Structures are given as C-alpha cells and as structure tokens.
Amino acid sequence: MAQKESIITINNMRKSYREVTILSGINLNIKKGEIFCLLGSNGAGKTTLINILSTLIKADAGTALVNGYELNKDTKKIRHVISLTGQYAAVDGFLTGRENLELIANLRHMENPNEVVEKMLRQFNLTDAADRQTSTYSGGMRRRLDIAMSLIGEPLLIFLDEPTTGLDPQSRIAMWETIRTLTSQGVTVFLTTQYIEEAEQLADHIAILDKGIIATEGTTQGLFKQYPDAKSLEQVFLSIVESKGDSK
Ligand SMILES: Nc1ncnc2c1ncn2[C@@H]1O[C@H](COP(=O)(O)OP(=O)(O)OP(=O)(O)O)[C@@H](O)[C@H]1O
Ligand SMILES: [Mg+2]
C-alpha cells in the first residue's frame, strides 16, 4: 500500500511556562485524511500542543511542518488551511446563530456567504434556532454552532479540542458522524477527548501524551499489541499514566 502523505510532522517540540516544562520533546507524524486523537490527563498539555500547531502560541524549541509549511515562518499560509474549535466555545451570545455564521463567512471572504450559512445551519441541525440569540442555546447547540463556524472556508485540517465534552450521548454520536463525514471528504481531524471510548470509536491513530512526551502511539489494535495485558484502551491509558508515577 502506498505510504500516505503527512500533514503534520513535529520534531522535538518543547514548551515551558516559567520553570514548569509542559512539553519536553514531542515527536509526531500525522497523515493526511486520518482522524488523529490525542489523549492525556488534565493538564498534560493537549491544548498547549493544539495552540502551538494552530499558530496561537509559540513553542520554545523544535520544528513542525503543517501541510508542508514551516510553523514559525509560514503562519499565514498555515492559518489559511486549518481551523480550530477551542476547548471553550467562541460563540458570541448576543448574536443569533445565523449572525455568528455570517460573521465568519464574511471574515473568510466567502463568495456566497448566505448559501454557506444555510448549508451549515442545515448540516448542524440549527435551522429552527437560527434566528435566536445564542445565549438561549443549550450547551450542545452552542458546541455545534462553534464547530459549524470553524468549518466555514473548507479547511484541510481541523483541530477539535474536546468537541464532545458536556454533550449528551445522542449529540456525541451525532458529532462522531460529523467527524467521520469530514474525513470521508479528505479532511484531517486532530482531536482531543476526555472519553477513551471516543478515541476507540473514531481514531485511526491515537497518541497518549504523558509527562511532556508522546508516551505511546498507534492504532487501537497496535496499542493492544504493545500492551497485551490490557483488556481495554482505558487500561492501556491508565497503565501509561500510572507507570511513571503521577506527580500532579
Ligand atoms: N498561559 C499559561 N501560563 C502558565 N501555565 C499555563 C498556561 N497555559 C497552560 N498552562 C499550564 O500548562 C499545563 C498544560 O495545560 P493544557 O491546557 O495544555 O492541558 P490540557 O492537556 O489541555 O488539559 P485539560 O485536559 O484540562 O484541557 C497546565 O498545567 C496549565 O496550567
Ligand atoms: Mg485542554
């Protein structure tokens, strides 16, 4: 089988806040079109890594290529091909759902903003609520709107930082379907989650971030091969997080 092309390559990336080292040498290779899932305990550095890769903050050392562009040099080009849905929703509560989407469609200079907005409202099941202020939306609706906003402009690579935290099971499964649809269109998804089952259901490639490094990575099956005594992905995760002594 032909080797798939990489969309993210990270070499020895490091980041500290004052004297506290968060990332102490991250190496990672993510292929085009895959669903990549980063697992790690609270405070492991998942959001930090996403923020670095999406050009929001700078690493202290190391290099990365995103879609062939150098992270520290080609910031504009990288921003053009990625989207980020942060851990905390970026929706403006005073605007309606439709207005939030229109704002982004105009910022991204879409040729047919109204069409794009209607399509997103339909895709994310928000048509009925489109003209209500988003401060009246439920958490799940706000989350769906947030992701719809980040998809405007058809990015090649999507960062989703805990896209299903706080969603009910039905909305979580709907989000999984959306993520699968995106990858079937050739988009690469980089996601973090608190739910190990989610990684198991969705991910082509899982990496566990622990104590500043990628402690292990592979497909679900690959991880089971590495940890033959583990009966579930959760046990793999716990054996890694606990084996090195948790200092947090
Ligand atoms: N701007 C900052 N200044 C100082 N410390 C920070 C800053 N941002 C993050 N940190 C610290 O870096 C560590 C990693 O944070 P990060 O948000 O990346 O973790 P996370 O894996 O996303 O956690 P969670 O699962 O809770 O979202 C934490 O200890 C956090 O307190
Ligand atoms: Mg986080």
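**Close-up 1. The parallel pairing of β7 and β8 in a predicted model.** Strand β7 (residues 157–161) and strand β8 (residues 188–192) run parallel to each other and are joined by five bridges, where two strands are said to pair if DSSP finds at least two bridges between them. Within this pairing, I158 has V189 of β8 as its bridge partner. Strands and helices are DSSP runs numbered from the N terminus, a strand being a run of E of at least two residues and a helix a run of H or I of at least four. The model is predicted, so that local features need pLDDT of at least 70 and side-chain atom pairs count only at pLDDT 80 or more, while totals for chains, interfaces and linings use all residues. Residues are numbered from 1 along each chain as its sequence is written, and chains are lettered from A and ligands numbered from 1 in the order in which they are written.

Close-up 2. Residues are in contact if their C-beta atoms, placed from the backbone, lie within 7 Å.

**Close-up 3. The open sheet of four strands.** Here the order is β2-β1-β4-β5, and the pairing is antiparallel. The edge strands, each pairing on one side only, are β2 (20–31) and β5 (69–70). Strand β1 (residues 6–17) is joined to β2 by nine bridges, and I10 has L28 in β2 as its bridge partner. Strand β1 also runs antiparallel to strand β4 (residues 61–66), with five bridges between them, and the partner of T9 in β4 is L65. L65 also stands opposite E70 in β5, and β4 and β5 are joined by two bridges. Two residues lie between the strands in the hairpin of β4 and β5, where N67 takes a positive phi near 50°.

**Close-up 4. The packing of helix α3 with helix α4.** Helix α3 (residues 97–107) and helix α4 (residues 113–123) pack at an angle of about 135°, and their axes are 9 Å apart. That angle makes α3 oblique to α4, since angles under 35 degrees count as roughly parallel, over 145 as roughly antiparallel, 65 to 115 as roughly perpendicular and the rest as oblique. In the contact, G97, R98, L101, E102, A105 and N106 of α3 meet P113, V116, V117, M120 and L121 of α4. By class, these residues are seven nonpolar, two polar and two charged, where Ala, Val, Leu, Ile, Met, Phe, Trp, Tyr, Cys and Pro count as nonpolar, Asp, Glu, Lys and Arg as charged, and the others, Gly among them, as polar.

**Close-up 5. The surroundings of ligand 1.** The residues around ligand 1 are Y17, I22, G40, N42, G43, A44, G45, K46, T47, T48 and Q87, a residue being near a molecule if its C-beta atom, placed from the backbone, lies within 6 Å of it. Helix α1 (residues 46–53) gives the largest share of this shell, three residues.

Terms used:
Axes are lines fitted to C-alpha atoms, for helices over the stretch in contact, and angles run from 0 to 180 degrees between N-to-C directions. Two residues are in contact if their C-beta atoms, placed from the backbone, lie within 7 Å.
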